[in-house]
Amino acid sequence: MNSWIDADLVLITLTSLVLLGASRLGTSIRMVALQGILLSPLPLLLAGQSGFGPRAAMLAVATVLIKGLGFPWLMARAVRGGSQRREMDPRIGYNASLLAGVLLMVVAFLLSSRLPLPPGEGTPLVLPAALFNILAGMFVIASRRQAITQVLGYLVMENGIYVFGVGIASHQPLLVELGILLDVFAAVFVMGIVIFHMGRELDHTDTDRMTLLNDWEKE
Amino acid sequence: MSGYAGLLAALLLAPLLPGVINRTKSFFAGRRGPPLLQAYFDLAKLLRKGAVYSTTTTWLFRAGPVVGLAAMLVASALAPFGGVSAPLAFAGDFLFFAGLLGVTRFMTMLAALDTGSSFEGMGASREAQFAALAEPAFLLGLTAVAWKTGGLSLSGMLGTNSFATWSGAAAPLALVCVSLLVVFLAENARIPVDDPNTHLELTMIHEVMVLDHGGPDLALIQYAAALKLWVLGSLVVGIALPVRSLAHGWAFAASVAGMLGLCVVVGVVESCLARLRLTRVPQLLLGAGVLSLLALFIGLK
C-alpha cells in the first residue's frame, strides 16, 4: 500500500517539474490536469490504512471533477477565448526554472526532515512532496508573466496544500477539505472568467504591462 | 556461468545492437532495412582497407581510435551482465567506469580537433557540452542505486538486483531507469539528441567528429561505439530487470533478451520522435539529472 502512495506522490512531483520546464501553455494546462487526477486517489490510499469511508470517496470524486476536469477546462477556455500566446515568455528561463525546481526540492526535503510527522501518518514522502508542490507553485506565480500561468501556479500550490492536508491529518474532518476545494473552485472560476474577458479586451494578459493601467491619465 | 560470459557476449554481440535498432526503424518506416549483421560486414570491410592520413594531423589523430577502443574494452570488463559479477569489480568502480567513458570521448574529441577542420571542432564542442550535462545525471542515478542496494561497485549494484530490491524501492529505481535511458540515448548519439544517420546537416554531433577517420580507424571507432551501446545498455537492463532471482543460464538469456528489447525500444523512440532542437537538448539532459536527483532524495528518505 505504501509503495502506491509513494509512486503517486512521485508522479505528482514529476508533473510539477514538467510544469516548471514546459514552454507551451497547452502542456502546462495538461500537466495541471494530470496532477489533479493523480491527486484524487490520495485520500483513498491514505485513508485505506484505517479503512476508507464514503467521505474519502466523495473527496476523491470531487477532486477528479474539479481539479482534473473543471479547472483545465476553464483554463483551456480562457486560452481559446482570449488571444493568448501559446508560447510563454517567462522572467526566468526554462532551464533555470528546472534548476530552481531542484533547489526547491532540496529545500522541501530539508524542511521536512525538520518537521517530524506524527507516528503512523502517511508515508515519509508526503511532507516533502507537499512542500515541494507549494514552493514550485509559488515559484511559477513569481516567475511567469502571463496571468493564466500564474493561475496554474496557484493551482499547483493549492495541490501542495491538498497533499499536506490529506497526508498529515487524514482523520481531520474531510468536510474542511471539501470546503477548501470549493473556495479554490470559486477563486479559479472567477479568475478564469476575468482572464477570458481580459484577453478579449486587451489582446494580452501580460501582467507586467497591466501595471501601466491607470484610472487617470498621466500628464 | 561466470562474468567472463558477459564480457564475451559484449565483445561478440555488441555490433548486433545497431542492426536491431535499424531493423526496428525500417519496420516502422515500411522498409525492409539492412541485414541484422550489417555492422559486422561494415567492420570486416573497413578492416580490409588501408587508411589515409592528412598531413596536418599528428599522432593524436591515430591514437584517438585506439585509446578510445581500449577504454571501452576495460569498461565492458567492468559492466556486470546476466546477474553475475563482472570480471573486474572493485568498490567505487562506477566512477572509474564514468571516467573510461570520458576518456573515450576525450580522445575522440582530441582526434577531431587534431584534424584542424572547423566542422569537426564544432562537433567536438557540442559533444563536450552535452556530455558535461549527461554525466551528473549518470553519476547521480548510479549513486541512488548504490544507496538502495548497498553495493559500491557496479557488480554489487546490478549483480544483486532482485525482486526484493524492486519491491523495496520501485519508485527510485524506475526514476533512475528513465534517467539512464536518456543518458543512454544521449551518450550513444541517438535520436532525441543526435541523429546517427545524418551526414549533411550542421546539427550532427558524434558523426561529424569521425568524418576524417577511414579504414581500420573507422572500424575501431564503430566497434567502440557498438561496445558503448552494449555497456551503457547493460546498465539500464541491469537495473530494469531483476534477473538475480533467476537461475544463471536463464538470467543470462533474460539479459540478452533485455538488451535486444532495449534496442527495439530505442528503435521505436527514434521512429516516433524528431530530433530536438539543439537548444532544447540541455533541457532534456537537465530533466534526466533532475530525475536522478529525485531518485536519490527518495532513496535517502
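**The interface and beyond**

Tutor: Across the interface of chain B and chain A, two residue pairs are in polar contact, both at pLDDT 80 or more. A polar contact here is a pair of N or O atoms within 3.5 Å; within protein, one must be able to donate a hydrogen and the other to accept it, and residues adjacent in sequence count only if both atoms are side-chain atoms.

Student: Which elements of chain B give two or more residues to that side?

Tutor: Helix 9 (170–187) and helix 13 (281–300) of chain B do. Helix 13 of chain B gives the most, with ten residues. Helices (H or I, at least four residues) and strands (E, at least two) are DSSP runs, numbered from the N terminus.

Student: Before we go on, what kind of model is it?

Tutor: This is a predicted model, where local features need pLDDT of at least 70 and side-chain atom pairs count only at pLDDT 80 or more, while totals for chains, interfaces and linings use all residues. Residues are numbered from 1 along each chain as its sequence is written, chains are lettered from A and ligands numbered from 1 in the order in which they are written, and side-chain values use heavy atoms, with hydrogens and water left out.

Student: Back to the interface: how many salt bridges are there between chain B and chain A?

Tutor: Zero, counting a side-chain nitrogen of Lys or Arg within 4 Å of a carboxyl oxygen of Asp or Glu.

Student: And what area is buried between chain B and chain A?

Tutor: About 1500 Å², with carbon and sulfur atoms giving 81% of that. Buried area is the accessible area (1.4 Å probe) that two parts lose on being put together, summed over both. The contact (heavy atoms within 4.5 Å) takes 14 residues from chain B and 19 residues from chain A.

Student: OK, switching to chain A. How many helices and strands does chain A have?

Tutor: Chain A has nine helices and zero strands. Of its 219 residues, 53% are buried, where buried means under 20% relative accessible area, exposed over 50%, and partly exposed in between (1.4 Å probe, protein chains only). Among the contacts in chain A with a separation of 6 or more, 78% are between residues 24 or more positions apart.

Student: Now B:D93. Is that one buried or exposed?

Tutor: B:D93 is buried, with a relative accessible area of 0%. You'll find B:D93 in helix 5 (residues 93–114) of chain B.

Student: What does the side chain of B:D93 reach?

Tutor: The backbone nitrogen of B:L154, at 2.7 Å. Leaving aside neighbours within four places in sequence, B:D93 is in contact with residues including B:L78, B:L88 and B:S153.

Student: Where is B:A89 found?

Tutor: In the loop between helix 4 and helix 5 of chain B. B:A89 counts as partly exposed, at 40% relative accessibility. The C-alpha atoms of B:A89 and B:L78 are separated by 6.0 Å, with the two residues eleven apart along the chain. Beyond its neighbours within four places in sequence, B:A89 is in contact with B:S153 and B:S155.

Student: What about the phi of B:A189?

Tutor: B:A189 has a positive phi of about 55°, although it is not a glycine. B:A189 is in the loop between helix 9 and helix 10 (206–209) of chain B, and is buried at 6% relative accessible area.
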